[in-house]
Amino acid sequence: MSDEESPAVEPNAYASAGDQLRAAREAQDLTLEHIASKTRIPLRHLEAIEAGDFGSLPARTYAVGFARSYAKAVGLDQHAVVDQVRADMGVEGPGERYASGEALEPGDPARVPSRGLVFFSIASILLLLAGGFMFYRTFFAPGSGPGSILPTEQAAREEATQQAANEAAASTGPAIDPQGEVVFTALEDEVWVKFYDDSGNRLMEKQMSKGERYTVPADAENPQIVTGRPYALGITIDGKPVAKLSEEAVTVADIPVSAEALLARNEAPAKAQTPAATPAAGTQG
């Protein structure tokens, strides 16, 4: 039997829609599997239609749409079969037919998006939203990432330890080589920072992970820094800790970070510690 459509056949008006469809199929020596392959209707739905078990289908509109496609595949009059399906389901008058949502009947089940396509679309939207958020936070709100997730007591201990190191460093400043190696270490995750030289050339710009280190190039001309979370950056010169640029949630910019400049800051009065600091909107302590 060719897959070409057979001429429309007038169905038996006294038989149920399922009986008419099954009879037309058997008369052409076709199997349900053949109809399922041709119409792309699941085999279990075809069996339900032939048995008149429309209640097991997703909705009445599916029953009508599947029956229409089945009738087309076996050469029965589609409109007559659809009318019989409605009668079998108890939908009689024109008013009831309109209420049943005829305009929404799925004439071709193959047009219904697959579950995989739906999941793929949702995942794509979520990825786009996440990418947009990361772009905004990186370029328009630096330093606005989440704060430390350490327990409160552990964070307090680390803060006290760092404070003691800062005080010790301030008291021993002159003993540190003013030409020594300067290293910045991120004390928290996602600490945005930018280093650049006196000509504005960028030395490094990124969000540093906790524990990540950056060594200021020794040959950089007047290296400087801008960051929204100076309290989250530990500083050492030749391995010896010195005071942070600030213990507050402020944005610091154009701050020299050579060993000589940092040692001079340690020796200066407290009010001179953050000359270019401004409150950092959206930062977290």
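**The loop at Glu190**

I started with Glu190, which I found in the loop between strand E1 (182-186) and strand E2 (191-196). For these notes, helices (H or I, at least four residues) and strands (E, at least two) are DSSP runs, numbered from the N terminus. The phi of Glu190 is near 55°, a positive value in a residue other than glycine. I noted that most residues other than glycine have a negative phi. Glu190 counts as partly exposed because its relative accessibility is 25%; buried means under 20% relative accessible area, exposed over 50%, and partly exposed in between (1.4 Å probe, protein chains only).

**Ground rules and confidence**

This is a predicted model, in which local features need pLDDT of at least 70, side-chain atom pairs count only at pLDDT 80 or more, and totals for chains, interfaces and linings use all residues. Residues are numbered from 1 along each chain as its sequence is written, and side-chain values use heavy atoms, with hydrogens and water left out.

I checked pLDDT, the predictor's confidence in each residue, from 0 to 100. The mean for the protein chain is 79, and 68% of its residues reach 70 or more. Over residues 270-275 the pLDDT is below 50, and this stretch has 10 contacts in the model beyond near neighbours in sequence. Residues 92-108 stay under 50 as well, with 25 contacts beyond four places in sequence. Contact here means heavy atoms within 4.5 Å.

**The whole chain**

I counted 9 helices and 9 strands in the protein chain. Of its 285 residues, 38% are buried.

**Helices H2 and H3**

How do the axes of H2 and H3 cross? The axes of helix H2 (residues 32-39) and helix H3 (residues 43-50) come within 9 Å and cross at roughly 120°. Axes are lines fitted to C-alpha atoms, for helices over the stretch in contact, and angles run from 0 to 180 degrees between N-to-C directions. At the contact, Leu32, Glu33, Ile35 and Ala36 of H2 meet Leu43, Leu46, Glu47 and Glu50 of H3. By class, that contact has 5 nonpolar, no polar and 3 charged residues; Ala, Val, Leu, Ile, Met, Phe, Trp, Tyr, Cys and Pro count as nonpolar, Asp, Glu, Lys and Arg as charged, and the others, Gly among them, as polar.

Next I looked up what is buried in H2, and found Leu32, Ile35, Ala36 and Thr39. They lie on the same side of H2 because they cover an arc of only 100° around the axis, taken from the directions from the helix axis to the C-beta atoms. Their cover includes helix H1 (17-27), H3 and helix H4 (60-74).

In H3, the buried residues are His45, Leu46, Ala48, Ile49 and Glu50, and they pack against H1, H2 and H4. Glu47, also in H3, counts as partly exposed because its relative accessibility is 43%. Glu47 is 25 residues from Arg22 in sequence, and their C-alpha atoms are 9.4 Å apart.

Asp29, in the loop between H1 and H2, has a positive phi of about 55° although it is not a glycine. Arg40, which follows H2, has a positive phi near 65°. Just after H3, Gly52 takes a positive phi of about 70°.
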